[in-house]
Amino acid sequence: MINTILLVDDELNVLRSLKRLFVRSGFDVETASSAADALEYLSTNRVAVIVTDFRMPVMDGAEFLLEVKQKWPTTVNLVLSGYADFKSVVELLNQGVAFRFLEKPWSDDDLLTNIHQALVEFSKYHFQKTRDQILLGSVSPLIEVTDKGVIGRYNGYAKKVIHNIEQLQGRNVSELSATLKTDVIDAFFAEESPTLFLNYFDVSATGEEKEIIIERYLSDKFAHLLKLSFGGACPKNELRFKKSSLMAEHEFCELVTSFELNSRPCTVVYLGVLQFSLLNNLLNHHEIYSLIHDIVNAIEGALTDEIKLCHFNMDRFVLLIPRIMNDTQLLIYMEKIIKKFNELLCLTRATTDLNLYGVYGFVPEDGISGKELINQMRLNMGHQIVKQHRTITRFDPDLVADYKKEFELSRMLLTAISEEQLTLRFQPKIDLSSQKVAGAEVLVRWYEPKKYGWVSPAQFIPIAECDGQIIELGRWVIEKSCEALSRWMKEGIESCPLAINVSGRQLKEDKGFVDFVLECVKKHHLLSSQLHFELTETYLVEDIAGCQQQLSELRSHGFEILIDDFGVGYSSLAYLSKLAVDALKLDKVLITDLDSSIGMQSLVRNIIRMAHELKLKVIAEGVETPFQCSKLKTLGCDYVQGFYFSVPLEEDDFCAFIQSTNKIITI
């Protein structure tokens, strides 16, 4: 996070004294001898705290801070001036423009105390903005809670999980479940455990008790964002089963732990019932519990006496087998149990087709404590549902690790921009007719310095799309691209249009997108023809009506629109005449087989011909061989880009590439 302090005073001796004090105390410090110099610095740099004099020539402290508040509202501003200026500063304090008034001459200790408090205030603004962005942008069910677990804000998706969430505001998360132990809650908020599993009584019409999984999504000094999801629905107390061998959850977990502590190997199998979710939606309250009754009895009847059984919730069961087998033996063993289960269920449910599926793990071989192993199996089961696996599979810790990594990357991405971890790369686009550089595609790269290093765009872009960071990320790319174009012009470098990838979510949800683009172009004294925007074919086809209006507005201001990844989605030219676009970009999959497939060459030739008839330019990406380049020129393609010419380049390297190759490129 930014922790820089900007000192503004027209008296150089005051600046030197303050800078010496703050640098000695470990702060990053910048200085400006006038309000104008400070504003120029702020136009390209961000600071956390400004300490400014009030009486300055040309622009006084009041005028300066009012402009700062308008342009950089999260900056915390302090006025350091003579007592005679206090009355003039009162209005700034009342308006929230100034955080504190500090009197000259100052006390070093008091000044440092106020600076620390100002940095805390800046942190609040920063983290609040981050949480606001996520709550508004994420499609995950999220609630905001204090560090004590008190529920605050929530998004619309959270209400789908907890229907009466508005009634729970101001209450503690622990009140969602009467069975949740205090030490479990404390461990969760102390970040010793990433996940909570609790039983919540739903006040909806069905009155079910449901298992809710709560995962830590984002934590800062002031609050937490928690992600909610369903684990299933819990059985009612009125259910009665033929046998008494069912174990309570806490007893079962204690049993697994005892095996672990005594170094006794055992196998744990987490089972679910396929098709149950559909039946749960179709059947009424009494019918579904009658079905659960029959399922439980069939599972119990299929087990031998040595196997311990716990009914975790509606369609979720956990078995403990007091020994370890190899994978083949276990699968054969489970196949017999499933076969017996189906035979017994048919006695009462001859017309109901239900199958068991699940995940198994070994204690202590898997190296995870019993309770945590069961929790991670639940997450594995969620993956099985998404992938529609219908088998008994080995517990895969890598799946859980990937899931947690995505979670962690999503949180890290929230601060990647402010911490300057993102950079741009430029991949040249070559005009096949002139054989010169005719533009470049702008690509974003992320280096996360603490843990992951370089993170692939294929990993973090989908995360940003899902969790809402794509809005801020997209704006950052546009702003930095405009800054680069402006810089090249000032340095006398022959520039070319830059093509920027735009997410469909940006166009749908960033209501000020077009205005922001126009503002960037105006601020950097650019022409709209210097920016092109690329949108994926799939998004365009999914919402042609919505796209048409937005794309037409962009084109009316002179921006070119390209369809990206053409050929991997719907690949229909019929809709092209309906859309306000200027070019289409052939996906790499169409280019890869040009060397060996006459059929692919024919397909590409026809796409190019029909596109030209619609007055569309054609760009081929992923060009990697001389043959592909030559063939595309023969087929009539207008532009190409790919590793054959250049990998994506850093800005300095791209400028050197333009200057060294813009005479003629050999094709």
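**Figure 1. Strands E4 and E5 in an open parallel sheet of the predicted model.** Strand E4 (residues 76-81) and strand E5 run parallel and are joined by 4 bridges, where strands are DSSP runs of E with at least two residues and helices are DSSP runs of H or I with at least four residues, both numbered from the N terminus, and where two strands count as paired if DSSP finds at least two bridges between them. Leu78 has Arg100 as its bridge partner in E5. Both strands belong to an open sheet of 5 strands with parallel pairing, in the order E2-E1-E3-E4-E5. At the edges lie strand E2 (28-32) and strand E5 (100-103), each of which pairs on one side only, and the twist from one strand to the next averages 20°. Helix H2 (residues 35-42) packs on this sheet, touching strand E1 (4-8), E2 and E3, and its direction makes about 155° with that of E1; here axes are lines fitted to C-alpha atoms, for helices over the stretch in contact, and angles run from 0 to 180 degrees between N-to-C directions. This is a predicted model, in which local features need pLDDT of at least 70 and side-chain atom pairs count only at pLDDT 80 or more, whereas totals for chains, interfaces and linings use all residues. Residues are numbered from 1 along each chain as its sequence is written, and side-chain values use heavy atoms, with hydrogens and water left out.

Figure 2. The unreviewed UniProt entry lists Asp53 under "modified residue: 4-aspartylphosphate"; UniProt positions are given in the numbering used here, feature names are shortened, and annotations may be inferred rather than shown by experiment. Asp53 is found in the loop between strand E3 (49-52) and helix H3 (61-71). Because its relative accessibility is 5%, Asp53 counts as buried, a class that means under 20% relative accessible area, with exposed meaning over 50% and partly exposed lying in between (1.4 Å probe, protein chains only). Not counting residues up to four places away in sequence, Asp53 touches Val8, Asp9, Asp10, Gly61, Leu80, Ser81 and Lys104, a contact being heavy atoms within 4.5 Å.

**Figure 3. Thr75 in the loop between H3 and E4.** Thr75 is found in the loop that lies between H3 and E4, and at 7% relative accessibility this residue counts as buried. With residues up to four places away in sequence not counted, Thr75 touches Val47, Ala48, Val49, Ile50 and Val68.

**Figure 4. Strand E18 and its pairing partners.** Strand E17 (residues 422-431) pairs with strand E18 (residues 436-448) in the antiparallel sense over 10 bridges, and Leu424 stands opposite Val444 in E18. These two strands form a hairpin with 4 residues between them, and Gln435 in the turn has a positive phi of about 60°. E18 also pairs in the antiparallel sense with strand E19 (residues 453-455), over 3 bridges, with Glu448 standing opposite Gly453 in E19; E18 and E19 likewise form a hairpin with 4 residues between them. By contrast, E18 and strand E20 (residues 498-501) run parallel and are joined by 3 bridges, and the bridge partner of Ala440 in E20 is Leu498.

**Figure 5. Packing of helix H14 against helix H15.** Two packed helices are described by the angle between their axes and the distance between the axes. The axes of helix H14 (residues 397-416) and helix H15 (residues 457-467) come within 10 Å and cross at roughly 75°, and the two helices are therefore roughly perpendicular to each other, since angles from 65 to 115 degrees fall in that class, those under 35 count as roughly parallel, those over 145 as roughly antiparallel, and the rest as oblique. Lys405, Glu406, Leu409, Ser410 and Leu413 of H14 make the contact with Gln459, Phe460, Ile463, Ala464 and Asp467 of H15.

**Figure 6. Leu586 in strand E23.** Leu586 has its place in strand E23 (residues 583-586) and counts as buried, at 0% relative accessibility. Leaving aside neighbours within four places in sequence, Leu586 is in contact with Phe566, Ile591, Val604, Ile607, Ile608, Val618, Ile619, Ala620 and Glu621. The C-alpha atoms of Leu586 and Ile607, which are 21 residues apart along the chain, are separated by 9.0 Å.
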